[in-house]
Amino acid sequence: MFAIKAENLQKKFNKLIAVDNISLDVKEGEVFGFLGPNGAGKTTTIRLLTGILTPDRGDVIIKGIHMRTNPIDAKMMMGVIPETGNVYVDLTAEENLFLAGKFYGLSKQVLQKNSNELLSNLGLYERRNDAVKTFSKGMKQRVSIACAIVHNPQILFLDEPTEGLDVQSRRLIIKTINDMNKKGCTIFLTTHNIEEANKLCERVCIINKGKIVAIDSPEKLKNTFKETQSIEVSFNKEVKKELLEFNSITKIDRQGDKWVLYTKNPDKVVKDIVSLAEKKDLKIIYLSTSGPSLEEAFVRLTGGEK
Amino acid sequence: MLSFLRGVMVTAEKNIKIYYKKAPVIIFGLLFPLFMFTSFYMGRNIDISIFFPGFLAMALFFTSSSVGPLITPWEKQAGTYERLLSFPVSIHTIILGDVLAGAIYGILITSPVIIIAGVLFNITITSIMILLVSLILGTICFASLGVALASPSVRSPSNIMMFSSLIRFPLIFISGIFIPLQELQGAGRIVSYFSPLTYLVDMFHTGLDSISVFPVALDIFALILFTCFFLLISSYFHKRNMMKGL
């Protein structure tokens, strides 16, 4: 059974189609990344999947429960950190967690135990009785995460959870996501941070203008754009561009004192460089190869670079 | 059903804790009836038993419907509304939770007013049951009105305050508070039928001095009908404007 299944989701706002016939499946225990440029429809999709918005067409099924017919039962399975999901700043950190837990029907004893454990893990236990309005942005976001997982959800939706946070808070949040996933929780994550998605996610979905443009593992997506593999090289003497225009090169760029050679066949290009260096009596000062990046795949798929 | 009821209770608890327990809200709730009483009764040669039911209805009306219009704009402004929607609740859960909190606040503020006034002015109660039913129905009805007034999609509470005053203040002038219903004639009388406050004032008269215009069953029916109407309006507009102003 899939943890999350979306079938032909569509949502319009007046004439604008924010989400256009989106279908996706997320397996149980998977970390699924949802990427897209600003205005691509990420937040609308997450709002449809979490039952905050009702789709004009299509269905969302959470662990076999239809969101349209049983929204409350479906929501009981999940924890959500919405894009604008601030916590109540007049309440203390602990009161916020208790309030969230009560919505899920947790008993006082369970709430106290879970709350103490979470606040300790997130470095907030000493401040648990302080009003959240006295907290920094990172601390508020940690309270927000704690509120979303206080009931140990089976699925966790996170909409840009690390946006604008300091390194310490970001690491704590990433660690919490990893810990939740180790316990079997399915993670659905939207992020702008492509490197974060690359490290965390088993599969990523790229959305643009309300439509899915790709769903695959980060490595497979990167390999879709093999020509974006590159070799950076620097010599002890100035070398003209023409000398580096080997057969398998697709593009050459100058970056500082280095040449960046783009190719589908890095092995052949490295051999050509070594042969050139021997022939022209050049000393190689720097040589490095880079694989295709998820960022490059993202930019290509979303039409960011023509 | 259990999840739904739990959602209503937790939403109401959240509202009371965050919005109703604020010192200015409690002070306003207690002082407002006092100001109204001194403004409309002191120095005028009015029989307290005739004035009191209207005054009580006015106090209940303003307290029950005062905070409800502000909760949704406050939540949208603070960025907490989307989180609330992400909990296992529906828009109806949130609406009923807001109504319940407003009704509890209305009852808690109005009850001391009845007790204090009863002791100070020796107000007689002819039917405690009718008085209790009118208190409960009145607070629910006006708390529902308060929540309905929160329907426009604004993030600024000050805009809602203006809109809320525009709707609420005229109601007190057409509801038999300043001019007893028996004395209202022609168009004034017809207009009064369209105000829920009219039926509450009449029901308070039944419970306090037995001088009423309508049968008590009609008052109850009218208050329930107005409550349903306000809840329907709330449901429609809150659903339509849910994501606006986030």
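Me: Which residues of helix 6 of chain B meet helix 11 of chain B?
Reply: In this predicted model, B:Ile91, B:His92 and B:Ile95 of helix 6 are in contact with B:Leu231, B:Ser234, B:Ser235, B:His238 and B:Lys239 of helix 11 of chain B. By class, the residues of this contact are three nonpolar, four polar and one charged.

Me: How do I read the angle at which helix 6 and helix 11 of chain B cross?
Reply: Angles over 145 degrees count as roughly antiparallel, 65 to 115 as roughly perpendicular, and those under 35 as roughly parallel; the rest are oblique. Here the axes of helix 6 (residues 91-121) and helix 11 (residues 216-240) of chain B come within 10 Å and cross at roughly 130°. Helix 6 of chain B is therefore oblique to helix 11 of chain B. The crossing is right-handed.

Me: Why is helix 4 of chain B largely enclosed by the rest of the structure?
Reply: A residue is buried if 20 or more other C-beta atoms lie within 10 Å of its own. In helix 4 of chain B (residues 68-78), nine of the 11 residues are buried, so the helix is largely enclosed. Among them are B:Leu70, B:Ile71, B:Trp74, B:Glu75 and B:Lys76.

Me: What covers the buried residues of helix 4 of chain B?
Reply: The cover includes helix 1 (2-20), helix 5 (81-86), helix 6, helix 7 (128-149) and helix 8 (157-173) of chain B. After helix 4 of chain B comes B:Gly79, with a positive phi near 75°.

Me: How many residues of chain A are in contact with chain B?
Reply: 22 residues of chain A are in contact with 20 residues of chain B. Helix 2 of chain A gives the most to the chain A side, four residues. That side has 14 nonpolar, five polar and three charged residues.

Note on methods: Residues numbered from 1 in each chain as written. Chains lettered and ligands numbered in written order. Predicted model: local features only at pLDDT ≥ 70, side-chain atom pairs only at ≥ 80, totals over all residues. Axes fitted to C-alpha atoms, helices over the stretch in contact; angles between N-to-C directions. Helix = DSSP H or I, 4+ residues; strand = E, 2+ residues; numbered from the N terminus. Left-handed = near helix turned anticlockwise from the far one by under 90°. Contact = placed C-beta atoms within 7 Å. Nonpolar A, V, L, I, M, F, W, Y, C, P; charged D, E, K, R; others polar. Buried ≥ 20, exposed ≤ 12 C-beta atoms within 10 Å, placed from the backbone.
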